[in-house]
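Let's take a walk through this structure together, starting with one chain as a whole and then stopping at a few places in the other. Have the sequence and the 3D view at hand.

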Amino acid sequence: MNNFRRTAIASIINLTLLSAGNVYADDSSVLEKRIRELEKRLQQLDKASALSSPSATAPTNAAVTPEVEKLTRKVNTLERKLEIQDEVTTGNFQKLPTFDAGPDGFRITSNDKQHALRIGGAIQADNRAFFNNPTAEKVGGVPVNSPAGPDNILIRQGRLLLEGYVYKDINFKVLADLASTNLLPDAYIDYTYKAPASLLVGKFKPSISLERLQGDSDGVFLERALPSNLAPNRDVGIQLHGGFALPGYQAEKVAGPIDSKNAFTYQIGVTGGAGDNGSNSTDGRTNGAPAAVGASSTSLGGNKEFDARIFAQPFQHIGNKWLEGFGVGIAGSFGNPNHQSINKQVTSNGQSQFVDYTKTLNSSGVASNTGGVVSNGRTSRIYPQAYWYAGPIGLLGEYAASSQHLSSNTGGKGGVNNVEQTNKAYQIQASYVVTGEDNTFTGVKPLRNFDPLKGAWGALQLAARWSELTIDSDTFRLLDPSLSARKASAWTIGANWYLNKNAIIRTDYENVSFTGGAGTTTAIANRPSESVLSTRFQLAF
Amino acid sequence: MNNRVKSVLALLVLGFATYTAQADEVKLLNVSYDPTRELYKDYNTVFAKYWKAKTGDDVSISQSHGGSGKQARSVLEGLEADVVTLALAYDVDQLYQKRKLIPENWQSLLPNNSSPYTSTIVLLVRKGNPLHIKDWDDLVKPGVSIVTPNPKTSGGARWNYLAAWSYALKHNNNDEAAAQAFVARLYKNAAVLDTGARGSTTTFIEREIGDVLIAWENEAYLALKEFGPEKFEIITPSISILAEPPVAVVEDVARKHGTTEVATEYLKYLYSKEAQEIIGKNFYRPTDPEIAAKYAKNFKPLELVKIDAFGGWNAAQKKHFADDGVFDQIYGSGK
């Protein structure tokens, strides 16, 4: 067969195959049939060419060449058109954003990587079983204030998360919690232009308590320890933050108020001042309540709270796994609230109130249920903190001292209506991943996801914790000591079963014992200890 | 707000702003149209030496090339060009119209309406000119296969189109309908519409597709230089268009990069004698009268129509190349 003809027909077959790449899968069987027909025709032509006499059937070059040349040019033109079409299509496809769905949620990223959005969420379904009968809680015949319990099943978190960035460096986070009275825990913009200096504005966790800064889904226990009672939960304000790397390494840009990646980090912020265990809402209300009459607004413009934190992981990249995971730091704050309401202090896993700032004493030292105690004057906090992670082992500890000036509207015992209070708390927790995975500040990632039919069981972490909170004794010149405890001491043991990166089952047993907080003002007794078994099913992505 | 709060807030913001104001190493990105690769390769070497001698600083220039319209869209979509050197003023002006990346009066900031060189459109045929192509009307004959880029993406393609339109107007007593019919027949003979001028050159020369390439004058001469006059010939039509590719500093980006000074000088230096020599050697028409006279013998004389004859680029773009414009009407019906 003439080479030009064979080349032309082969080109047609190639073009058919090229265009097959652009056709939906459903049409591929049609194309395959066409290709088989063309191949059959080619074979027939070959046979005819082989059988026939060359001198009788081979066309002369003069007769064949122009037609085949024309066909070749046509084929070349078609090929070139397809190349241009592919170039345009590829260019268009390259402009399309990429969509991704996986353990990190649902992600959309622009083709130039300048913009991205991640959609995530968290669901926590808890069961709390108390080893005491709340209706029977009486000490000396007097009912206990806010007794522990009752048993309950609840949705602790029902969160929807939107976070991402625009123009590469302008990060944002919007976190809604439909299971909480604090509907919008986080809403901020963070401009991370350079690793050492980023500006965060909005509602976020003030950088004070180390355990509070841990992700709400990442902690070792169901609830944070007693020192978290002395740190604000969420506040509205502005923060300058940044991170530095060790010499020879490059610092990473990290968005948000916590940075566990860089060797040295700092945060300096000005916020509305949410108070101990408080959260400012986006409209400037503290702890969900409007400011008291005569009090100044807590929105920007009134008395603010300043906080600062530095944290170091000085042994990063040292090559020694026993030292690399060590981090130590200190945080502090000061403010000057004006008649700011004080949030209740609660036990960790039981979430029952054991310090009630609305239950005061009058000047005769008798219980008074009118008025209340507010924070009015200078406040300050100091929070040394540290953690250590090495392989499956994890340790975390922090100490908190929170000072504030208390004022009572009704006047306290002996006519005292102002006292200085310094509450103190500390915790130490240890955890161990039995299945050998790395223990980290941001959680545990199983080596093998739960798949029992394949003999994979996820990861198991065991943990223990001791924490204490001591209320300044001067506080009880204003507060009724039979309704608020002076001290709470808690020990907790827990187990966490990580089915995969996103799904966890946690179980804790916690026992809290109290000093004071029950009986009468003349015969103060200890509030009954609280024992609670809590279980949580959690999915976070 | 009390003074303490104000002071702390000011410190926070000042600390942040001071840190971010640090300058980086001097790098420029020149986003250009398709056929200027060789020109800017030569020019960038010369400019870097000049800048080093003048300031002691090193400057490295990266190039991006593609269809002029496509390049403008890339800059609008975020490609951080310090300067643009595109094929036509409309594409550069989009940077102002759509995103205010350049000032409104950008074209008056440099001489000759910010065009340091000009060119025109000619015809490239195969050696021996087998189809006897002499002028535009030979391109619309049956059996003639032409190669030209797509006016939707390529600036050169728009110059090609307007050159053909100019010819048709002149030879039909300025009858617009006749000109449209002529250009329709022209595009009916188009074998392939590449996205840019360099792509069309590749199609014609390397893939040997088409009988005539409608090309930038400089592209045609480069083809002769690279592939030899024994393979191709340049046919200078009786009438063509004066193509004035403009240049501009993308001030918004240059300010952000801290490169305003070097980017401005990069474009200004295109008007220097040294740069104009490079322009002439690369087969563009220099705007410096002395250098232009030196290279004039390289270019055959022809009647050149300016874009003003079409009411300027905004009017031409709107009428011919916008969606549902004349090109969409004729190319849709010509398929």
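Of the 541 residues in chain A, 39% are buried. Keep in mind as you look that this is a predicted model. Chain A contains 6 helices and 27 strands. Among its contacts with a separation of 6 or more, 67% are between residues 24 or more positions apart.

For a single spot in chain A, find G202(A), which sits in strand β9 (residues 197–204) of chain A. Is G202(A) partly exposed or buried? G202(A) counts as partly exposed, because it has 18 C-beta neighbours inside 10 Å, while a buried residue needs 20 or more. Beyond its neighbours within four places in sequence, G202(A) is in contact with A187(A), Y188(A), I189(A) and V236(A). T271(A) lies 69 residues away from G202(A) along the chain, yet their C-alpha atoms are separated by 9.3 Å.

Now turn to chain B and look at a pair of helices. Helix α2 (residues 37–55) and helix α12 (residues 273–281) of chain B have axes that come within 9 Å and cross at roughly 160°. That angle is over 145°, which makes α2(B) roughly antiparallel to α12(B). Their crossing is right-handed. On the α2(B) side the contact is made by L39(B), D42(B), Y43(B) and V46(B), and on the α12(B) side by E274(B), A275(B), I278(B) and I279(B). Sorted by type, the residues of this contact are 6 nonpolar and 2 charged, with no polar ones.

Which residues of α11 are buried? They are V262(B), A263(B), Y266(B) and L267(B). Viewed down the axis of α11(B), these buried residues fall within an arc of 135°, so they line one face of the helix. The spacing is worth a thought here: an α-helix has 3.6 residues a turn, so residues three or four places apart point the same way. The elements covering the buried residues of α11(B) include β1 (27–33), α2, β3 (83–85), β11 (247–249) and α10 (251–257) of chain B.

Finish at helix α9 (residues 217–227) of chain B, where E217(B), N218(B), E219(B), A220(B), Y221(B), L222(B) and A223(B) are buried. Here too α2 of chain B is part of the cover, which also includes β5 (121–126), α8 (197–206), β8 (212–216) and β9 (232–235). Just past the end of α9(B), G228(B) adopts a positive phi of about 100°.

Technical notes
Residues are numbered from 1 along each chain as its sequence is written. Chains are lettered from A and ligands numbered from 1 in the order in which they are written. This is a predicted model: local features need pLDDT of at least 70, side-chain atom pairs count only at pLDDT 80 or more; totals for chains, interfaces and linings use all residues. Axes are lines fitted to C-alpha atoms, for helices over the stretch in contact, and angles run from 0 to 180 degrees between N-to-C directions. Helices (H or I, at least four residues) and strands (E, at least two) are DSSP runs, numbered from the N terminus. Angles under 35 degrees count as roughly parallel, over 145 as roughly antiparallel, 65 to 115 as roughly perpendicular and the rest as oblique. A crossing is left-handed if the near helix is turned anticlockwise from the far one by less than a right angle, and right-handed if clockwise. Two residues are in contact if their C-beta atoms, placed from the backbone, lie within 7 Å. Ala, Val, Leu, Ile, Met, Phe, Trp, Tyr, Cys and Pro count as nonpolar, Asp, Glu, Lys and Arg as charged, and the others, Gly among them, as polar. A residue is buried if 20 or more other C-beta atoms lie within 10 Å of its own, exposed if 12 or fewer, and partly exposed in between; C-beta atoms are placed from the backbone. The arc is that of the directions from the helix axis to the C-beta atoms.
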